[in-house]
Amino acid sequence: MKDTSSHMDEKFRQMMRQKTPADRLAMGCSMFDFSKGLAMSSILNEKGKLSPAALRRELFLRFYSNDFNLVQQEKIVKHLVNITERRFNDAIKA
């Protein structure tokens, strides 16, 4: 469904072209951070309190499960969990 007029599409493109590459990157990062926050909130609402590793796993699956087959997903999840647990343990030791 497209509910934006051609005129407004072009106006938006003009406005975006006027921004610096750094500004466009900052906008993209801000949008990703916002969507990540929404996803985290949704996951925690659905599943309750999770460990950092479990939350990271759920975030990965929420964002990228359609991009990888099950074998690839399990490899990536295992790696994410290991990294998260290592960082958590290092933080406790510090």
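Is Gln73 buried or exposed, going by its relative accessible area? Gln73 is buried, at 9%, where buried means under 20% relative accessible area, exposed over 50% and partly exposed in between, with a 1.4 Å probe and protein chains only.

A quick note before the views. This is a predicted model, in which local features need pLDDT of at least 70, side-chain atom pairs count only at pLDDT 80 or more, and totals for chains, interfaces and linings use all residues. Residues are numbered from 1 along each chain as its sequence is written, and side-chain values use heavy atoms, with hydrogens and water left out.

View 1. Look for the Gln73 side chain reaching the backbone oxygen of Phe68 at 2.8 Å. That is a polar contact, meaning a pair of N or O atoms within 3.5 Å; within protein, one must be able to donate a hydrogen and the other to accept it, and residues adjacent in sequence count only if both atoms are side-chain atoms. Setting aside residues up to four places away in sequence, Gln73 touches Phe60, Leu61, Ser65 and Phe68, with contact meaning heavy atoms within 4.5 Å.

**View 2. Helix 4 from end to end.** Helix 4 has 24 residues and runs 34 Å from its first C-alpha to its last, close to the expected 34 Å; that expected span is 1.5 Å times one less than the number of residues. At the start of helix 4, a side-chain oxygen of Asn69 comes to within 3.0 Å of the backbone nitrogen of Val71. Gln73, Val77, Leu80, Val81, Ile83 and Thr84 are the buried residues of helix 4, and what covers them includes helix 3.

View 3. Helix 3 has 13 residues and spans 18 Å from first C-alpha to last, close to the 18 Å expected. Its buried residues are Ala53, Leu55, Glu58, Leu59, Phe60 and Leu61, with helix 2 and helix 4 among what covers them. Leaving out neighbours within four places in sequence, Glu58 is in contact with Ile43, Lys47 and Leu50.

**View 4. The largest pocket.** This one has a volume of about 210 Å³. Its lining is made up of Phe32, Lys36, Met40, Pro52, Leu55, Arg56, Leu59, Phe60, Phe63, Tyr64 and Leu80. Helix 3 gives the largest share of that lining, seven residues, and helix 2 and helix 3 each supply at least two.

**View 5. Ser35 and Ala26 in helix 2.** Helix 2 covers residues 21-47, and both of these residues are partly exposed: Ser35 at 27% relative accessibility and Ala26 at 47%. A polar atom of the Ser35 side chain lies 2.9 Å from the backbone oxygen of Phe32. Ser35 and Met1 are 34 residues apart in sequence and 22 Å apart in space, C-alpha to C-alpha. For Ala26 and Lys11, 15 residues apart along the chain, the C-alpha atoms are separated by 20 Å.

Key:
Helices (H or I, at least four residues) and strands (E, at least two) are DSSP runs, numbered from the N terminus. On a 1 Å grid over the protein atoms alone, a cavity is a set of points where a 1.4 Å probe fits but cannot get out, and a pocket is an open set with protein on both sides within 12 Å along at least five of seven lines; lining residues have an atom within 4 Å of a point. Grid points are joined across faces, edges and corners, and a volume is the space filled by probe spheres set on the points.
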